[in-house]
Amino acid sequence: MPVLLQLDSSADLTTSVSRAVTATFVDAWRGLGDDQRVVRRDLHADPLPHLADASLHWPPRLRSADARPPQDAERLQQQIIDELLGADAVVIGAPMYNYSLPSTLKAWIDYIHVPGVTAPFDVPSQPMAGRPAVIISSRGGIYDDGSANAGWDHTVPPLQIILGDALGMEVSVITVSRTLSAVVPGLAAEAGRAAEELAAAHRQAAEAAAAMASR
Ligand SMILES: Cc1cc2nc3c(=O)[nH]c(=O)nc-3n(C[C@H](O)[C@H](O)[C@H](O)COP(=O)(O)O)c2cc1C
């Protein structure tokens, strides 16, 4: 039974672009067959606590002898990692907050990136290698090549590094920019492009899910 892990992190529960596009992906995923299962984790509605102790970045064998992470935090981390390992594919709603990730999504990354467990370190462990991760990136402004803010997106790169380079997942990114064109006067002229990007993102999300039927 194919399992999709759906992560949303937008703090906007009503008009969020990233939530709308992850929903399109999920609908298309469910449409692949009756046995398609979705595990949903809403990192905003049900936020994870910040990592309780630095030693949790490492498996017990690589921690210092005096490391004493709280047991409930260790149990929670194991649960979050098991949830990831149980997924055949992951879709992540990743809005840009202050040029970076929402802290709720960053907290999830802090739990799941454990060298020697989910990523190679002293052993070549990479259990998620080859599985797809689809990032839905939503950004209020403009970050096109050649624009004034080109290179300011620090939302997607950490996700690509951790999920792609460290965990070995096949990462793809679907981007919607200019989402604030309806509310920021200086972006009003971008409304047409914003609508085009949003329509394209929904289309790409449906196609990306459909493409997983052949995996
Ligand atoms: C706390 C916060 C910080 C934001 N920071 C930025 C930013 O640095 N750059 C930007 O282009 N948009 C920024 N935005 C706008 C969001 O990226 C935009 O509204 C996007 O559509 C959010 O995703 P969502 O529609 O899924 O909620 C910010 C929004 C919030 C709530």
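Y99 is partly exposed, with a relative accessible area of 34%; the class covers values between buried (under 20%) and exposed (over 50%), computed with a 1.4 Å probe on protein chains only. Y143, by contrast, is buried at 11%, while W152 is partly exposed at 39%. The model is predicted, so local features need pLDDT of at least 70 and side-chain atom pairs count only at pLDDT 80 or more, whereas totals for chains, interfaces and linings use all residues. Residues are numbered from 1 along each chain as its sequence is written, and side-chain values use heavy atoms, with hydrogens and water left out.

**Aromatic cluster**

Y99, Y143 and W152 form one aromatic cluster. Rings of Phe, Tyr and Trp (for Trp, the six-membered ring) pair if their centres lie within 6.5 Å; planes under 30 degrees apart count as stacked, over 60 as edge-to-face and the rest as tilted. The count by this rule is three aromatic pairs. Among them is the edge-to-face pair of Y99 and Y143, with 6.4 Å centre to centre and 75° between the planes. Y99 sits in the loop between strand 3 and helix 3, and Y143 in the loop between strand 4 and helix 4, 44 residues apart. Helices (H or I, at least four residues) and strands (E, at least two) are DSSP runs, numbered from the N terminus.

Y99 and W152 also pair edge-to-face, at 5.2 Å centre to centre and 75° between the planes. Because W152 lies in the loop between strand 4 and helix 4 and Y99 in the loop between strand 3 and helix 3, this pair ties together parts that are 53 residues apart in sequence.

**Ligand site**

The ligand is surrounded by 17 residues, of which S10, S16, S18, Y143 and T179 are the closest; a residue is near a molecule if one of its heavy atoms lies within 4 Å of it. An oxygen atom of the ligand is 2.7 Å from a polar backbone atom of M96.

D8 belongs to strand 1 and is buried at 0% relative accessibility. R41 belongs to strand 2 and counts as buried at 10%. Their side-chain polar contacts are listed below; a polar contact is a pair of N or O atoms within 3.5 Å, and within protein one must be able to donate a hydrogen and the other to accept it, with residues adjacent in sequence counting only if both atoms are side-chain atoms.

| Side chains | Distance |
|---|---|
| D8 and Q6 | 2.9 Å |
| D8 and T22 | 2.8 Å |
| R41 and E83 | 2.6 Å |

Contact in the wider sense means heavy atoms within 4.5 Å. Leaving aside residues up to four places away in sequence, R41 touches Q6, L7, D8, L48, Q79, I80, E83 and W108. With neighbours within four places likewise left aside, D8 is in contact with residues including S18, R19, T22, R41 and G93.

**Helices and nonpolar cores**

Seven of the ten residues of helix 3 (residues 103-112) are buried, so the helix is largely enclosed by the rest of the structure. The buried residues are T104, L105, A107, W108, I109, Y111 and I112. Their cover includes strand 1 (3-8), strand 2 (37-42), helix 2 (71-85), strand 3 (89-95) and helix 4 (156-166). In helix 4, V156, L159, I162, L163, G164 and A166 are buried, and the buried residues of this helix pack against strand 3, helix 3, strand 4 (132-138) and strand 5 (170-176). Just after helix 4, G168 takes a positive phi of about 80°.

A nonpolar core is a set of buried Ala, Val, Leu, Ile, Met, Phe, Trp, Tyr and Cys residues joined through side-chain atoms within 4.5 Å. The largest has 28 residues, among which W108, I112 and L167 touch the most other members. Strand 1, helix 2, strand 3, helix 3, strand 4 and helix 4 each supply at least two residues of this core, and helix 3 gives the most, with five. Beyond its neighbours within four places in sequence, I112 is in contact with I80, I81, L84, T118, I162, L163 and L167. A second, separate core of 18 residues includes A89, A201, A205 and A209.
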